[in-house]
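This report covers the surface, the overall fold and the aromatic side chains of one protein.

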Amino acid sequence: MQRSPNDETWTHGGATLSNFSMNRRHFLGSAAAGSLLLASGMQAKAATPLTIGMIYVGPVTDFGWNQAHAVGAAALKALPDVTVVEEENVPETDAVAQSMESMINLDGAKLLFPTSFGYFDPFMKEAAKKHADVEFRHPTSLWNKDTDPVNLGGYFCYLDQGHYVNGVAAGLSTKSNKIGFIAAKPIALVLRNVNAFTLGVKKVNPNAEVRLIITGEWSLPVREAEATNALVDAGCDVIACHVDSPKVIVETAEGRGVKSCGHNADQASLAPKGFITGAELKWGTVYTEYAKLIAAGEKLPNVNEGGYDKDMVASTAFGAGATEAAIAAATKAIEETRSGAPIFVGPLKNNTGKLVIDGTLGLYDGALWGTDYLIEGVVGSIT
């Protein structure tokens, strides 16, 4: 990931991400502006052009959640006869309902990806009921076949697999055997990632520990910087995280001379000396697959979940912070996980000594959605 000299665009794998105007209606007000949203390598036109809407809760240049989706949108723009309209910084309020309406009514969007958690209920549900001829898909597993519209659905990238690989690499890149982890909220999805990371660490380095700090919110830059500094002061020489944008954490760790692991998107450029690897969401796999299904006249799945096995999760290229042993072990872990090797192999205890997993849970075992504990090896609490 590189930032361009004009400070307004980033490049990722040859694709360019830009800061979009807050007023998308103004930006899309001319035919010329609309043409700018088409990829330069467009092929011959298909019989039925497709317009796809992308909505982000924050800036697409956040080096995190929103940027990961924008990278996926960039992959869409390379498809023939696909137009992508985008709007960033849309709150989880009626504002998203207005954005969806304008994309449908003014741009003719037939597929919408509103990408923030709070967009789903009630806003996407209500829009799907109103516009039965439009497909709506949300990056979670919230869709319920018994209660929700059939033109609504979810897709989910199992990033715990990427965090497990991060843990393997971190466990073999630490010298102090103290690794820090900064988490946003003590909910099942986040705790699952913390635990998977810790299991990766302990697999290759039983003497290491993971010290956890929970900030309480998805984005608290000041608190995230404070947490990073506190963990470094406590002796941690590797910092990992699960927050919306790891930018502050990775930059702070780099400034303190310690190593880091990424989350959501590619943060390698932020830490040229200490970056190890990162767990990346590959939304582009889903987005391009759905566009091709619609072009072929096929139905979209209402539920679509996967990890390395479905090319929906990736590990960021290894950085200067990764040791040779870490690179070898993490590469092996990626291949094993892609082949279905489980991460949560019991018996496993939580960090208070209680048995929490007796047998073995598969990569997609539903029981993991009920994670309300920290695995043995984590120093910290969820209360």
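**Surface and burial**

The protein exposes about 15,700 Å², and carbon and sulfur atoms supply 54% of that area (Shrake-Rupley method, 1.4 Å probe; for residues, only the protein chains shown count as cover). Of its 383 residues, 54% count as buried (buried is under 20% relative accessible area, exposed over 50%, partly exposed in between; 1.4 Å probe, protein chains only).

This is a predicted model, in which local features need pLDDT of at least 70 and side-chain atom pairs count only at pLDDT 80 or more, while totals for chains, interfaces and linings use all residues. Residues are numbered from 1 along each chain as its sequence is written, and side-chain values use heavy atoms, with hydrogens and water left out.

**Fold**

The secondary structure comprises 11 helices and 20 strands (DSSP runs numbered from the N terminus: helices are H or I, at least four residues; strands are E, at least two). Among contacts (heavy atoms within 4.5 Å) between residues at least 6 apart in sequence, 67% join residues at least 24 apart.

**Aromatic side chains**

Rings of Phe, Tyr and Trp (its six-membered ring) pair if their centres lie within 6.5 Å; planes under 30 degrees apart count as stacked, over 60 as edge-to-face and the rest as tilted. By this rule there are 11 aromatic pairs. One of them, Y155 with Y287, is edge-to-face, at 5.7 Å centre to centre and 80° between the planes. Y155 belongs to strand β8 (residues 152-157) and Y287 to helix α10 (residues 283-295), so this pair ties together parts that are 132 residues apart in sequence. Both Y155 and Y287 are buried. One aromatic cluster is formed by W65, F113, Y155, W283, Y287 and Y290.

**Charge over a ring**

The charged end of R192 sits over the ring of W369, 5.2 Å from its centre (the criterion is NZ of Lys or CZ of Arg within 6 Å of the ring centre and within 35 degrees of the ring normal).
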